[in-house]
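Please read them with the coordinates open.

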Amino acid sequence: MIFLRIVSLEAPMDAQDEERPLISHLPPQVESTEFTSDGTVDISNQQALKRSTGNWRACFFILGAEFTECVAFFAIAKNLVTYLTGALQESNIDAATTVSTWIGSSFFTPLIGAFLADIFWGRYWTVVIFLSVYVTGMFILTVSTFIPLLMGSSYDRGIHRVAAYLGLYLVALGSGGIKPCVSALGADQFDATDPVERVTKGSFFNWYYWSINIGSLLSATVLVWVQDNIGWGVGLAIPTVFMVSGLSVFIAGRKVYRYQKVGGSPLARVSQVVVAAVRNYDLVLPEDYSALHEVPSPTDGNYKIQHTSQFRFFDKAAIVAPSSGDKGAASPWRLCTVSQVEELKMLLRMFPVWASMVLFFAATAQMSSTFIEQGAAMDNRVGPFTVPPASLATFDIISVMVCIPIYDTVLVPLARRATGKERGVSQLQRLGIGLALSVAGMVYAALVEARRLALARSETATSIMWQAPAFAVLGAGEVFTAIGVLEFFYDESPDGMKSLGTALAQLAVAAGNYLNSAVLAAVSAITVHGGKPGWIPDNLNEGHLDYYFWLMAALGVVNLLHFLHCSMRYRGNNNSAD
């Protein structure tokens with residue numbers, strides 16, 4: 001991870017330091033091994049004691065809650081396309097689009113949760129409230145599965161669909177307070193100013209993602225089997241009970257958590273800079289940037305950021321107009337501090353990297369949509385067993401669970417000795433490897449589908465196990481990119497915007513799924529004409545799903561080239577060993 005290096009404003013800087021914003025926490029903290037030095041407090045709002053709060057003792061409660069949420073989320077996501085095409089009688093293209101849209105919504109709502117956490121409730125209470133919404137959604141979704149039985153001969157599929165979608169989107173809303181806050185709250189348990197805890201925090205994100213995949217493994221195996229063989233009611237009631245227990249576990253750990261104090265609205269601060277810069281567009285920037293407005297001891301967010309020369313237009317927001325008079329009385333929509341301007345610059349520097357992540361998550365979205373439909377058209381008999389198509393996602397999970405320990409305990413130490421960097425490889429290098437793996441996964445999926453179609457014409461079935469390598473390769477890609485992007489946005493975000501930064505990482509997942517829905521809709525509109533079945537018809541043997549995979553692979557190559565270009569130009573927001 002790229003961590004803040006706390007420096008005094010008078011400390012000497014080299015040429016590289018001058019290109020990056022330095023963050024100095026004010027007032028200066030007295031070095032102590034007894035208390036944390038990153039501004040975190042305990043449940044009594046007192047400076048947190050290191051020996052009794054935070055670290056892994058707190059993370060066990062946090063990861064436990066995350067595990068139960070993942071069991072519930074993936075119990076829905078892994079097999080939702082089957083439920084939609086079966087119980088609700090939706091077509092293949094509509095079901096795939098619905099799944100991507102729902103998953104996208106589940107990763108879009110974190111913007112709401114991050115906003116509320118950073119401004120009003122803090123991360124702990126945001127998680128508690130949204131977990132409660134999540135449990136309500138799971139209960140409604142579970143009850144909706146019994147509607148055909150309860151209504152009997154008067155069964156109306158429209159009522160069934162309304163109840164199911166209500167439950168689904170309450171779950172999507174509930175996840176909005178969990179996804180950005182749980183990972184950020186877990187990272188808060190490690191003092192970034194402590195060299196030992198700082199390195200440990202780097203491992204937290206790996207094991208956080210590992211716990212997610214434990215929950216996913218349980219869902220993709222046991223719960224998918226229950227849904228397909230016993231019924232959706234039981235298959236959803238089990239994770240609902242898990243969610244209730246997860247909420248209890250999370251609340252039980254409240255006394256050992258470290259809490260970041262709630263600051264002002266990050267979105268409001270960013271908006272003020274944009275408005276003030278536009279309003280001051282006719283003012284001339286001073287040659288000496290020390291003439292720009294800054295307060296000696298910032299209180300909003302309790303940190304101060306050194307000026308950088310990139311995106312100079314926004315510096316106009318910090319110009320003190322001759323007619324402004326008392327700077328303290330100036331409207332924040334007319335005059336902003338340098339630190340406030342630099343917060344916006346930090347977000348702008350991250351945007352090209354964020355945009356590159358969208359195609360990656362559009363590729364991984366296939367594992368919950370088109371891969372399941374492809375598996376349903378294959379021979380799912382493996383020896384004496386019949387494997388549900390959704391259970392092939394187990395290979396994605398196993399790949400992640402195997403690769404994370406190898407990455408954390410083998411690759412990172414080896415790379416650290418070779419490069420001298422804290423993480424072994426930089427965050428951008430890690431992200432790039434994952435993007436390349438996603439392209440490889442799409443190419444393999446296209447080749448498998450082309451082979452399946454060729455055999456189908458001769459009435460020969462293709463074993464579903466041919467899908468396993470595609471899931472495994474994309475799982476390895478997640479270890480590099482899906483985990484790396486969480487680290488990247490948490491570390492590179494300004495101090496007062498950590499939840500928002502994590503939400504931006506989740507927003508990339510949402511954008512990827514929405515993009516997948518849009519591409520599916522476009523493919524359907526373009527390829528279904530003149531009586532042709534299109535690329536993705538209900539009977540895949542009549543279509544060309546392989547063309548869709550080739551399209552995703554081509555987009556991935558273009559995206560990888562874009563990322564390489566952006567990464568070479570990227571200037572880190574914070575000083576670090578990277």
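1. The side chain of Thr-145 reaches the backbone oxygen of Thr-142 at 2.5 Å. This falls under polar contacts (a pair of N or O atoms within 3.5 Å; within protein, one must be able to donate a hydrogen and the other to accept it, and residues adjacent in sequence count only if both atoms are side-chain atoms). Thr-145 itself sits in the loop between helix H5 (110-144) and helix H6 (147-151). Helices (H or I, at least four residues) and strands (E, at least two) are DSSP runs, numbered from the N terminus.

2. On the basis of the numbers: this is a predicted model, in which local features need pLDDT of at least 70 and side-chain atom pairs count only at pLDDT 80 or more, while totals for chains, interfaces and linings use all residues. Residues are numbered from 1 along each chain as its sequence is written, and side-chain values use heavy atoms, with hydrogens and water left out.

3. Is Thr-145 buried or exposed? Thr-145 has a relative accessible area of 15% and is therefore buried (under 20% relative accessible area; exposed is over 50%, partly exposed in between; 1.4 Å probe, protein chains only). Leaving aside residues up to four places away in sequence, Thr-145 touches Tyr-83, His-160, Trp-232, Gly-233 and Leu-236, where contact means heavy atoms within 4.5 Å.

4. For the protein chain as a whole, there are 17 helices and 4 strands. Of its 578 residues, 56% count as buried. Among contacts with a separation of 6 or more, 82% are between residues 24 or more positions apart. The chain exposes about 23,100 Å², and carbon and sulfur atoms supply 65% of that area (Shrake-Rupley method with a 1.4 Å probe; for residues, only the protein chains shown count as cover).

5. Asp-188 lies in helix H7 (residues 157-188) and, at 2% relative accessibility, counts as buried. Not counting residues up to four places away in sequence, Asp-188 touches Asp-38, Thr-40, Arg-123, Arg-258, Gln-260 and Tyr-490. Asp-188 and Asn-55 are 133 residues apart in sequence but 8.7 Å apart in space, C-alpha to C-alpha.

6. Two backbone angles are worth a look. Asn-55, in helix H2, has a positive phi of about 60 degrees although it is not a glycine. Asn-45, in the loop between strand E1 (23-25) and H2, has a positive phi of about 65 degrees and is not a glycine either. Most residues other than glycine have a negative phi.

7. How many cavities of 30 Å³ or more are there? The count comes to 4. A cavity is a set of points, on a 1 Å grid over the protein atoms alone, where a 1.4 Å probe fits but cannot get out; lining residues have an atom within 4 Å of a point. Grid points are joined across faces, edges and corners, and a volume is the space filled by probe spheres set on the points.

8. The largest cavity has a volume of about 560 Å³. Its lining has 32 residues, with Phe-74, Phe-107, Tyr-209, Glu-478 and Val-509 nearest the centre. Elements giving two or more residues to this lining include helix H4 (92-108), helix H8 (195-229) and H13; H2 gives the most, with 6 residues.

9. Thr-394 is in helix H13 (residues 394-419). With a relative accessible area of 12%, Thr-394 is buried. Thr-394 touches Leu-217, Ala-220 and Thr-221, not counting residues up to four places away in sequence.

Technical notes
On a 1 Å grid over the protein atoms alone, a cavity is a set of points where a 1.4 Å probe fits but cannot get out, and a pocket is an open set with protein on both sides within 12 Å along at least five of seven lines; lining residues have an atom within 4 Å of a point.
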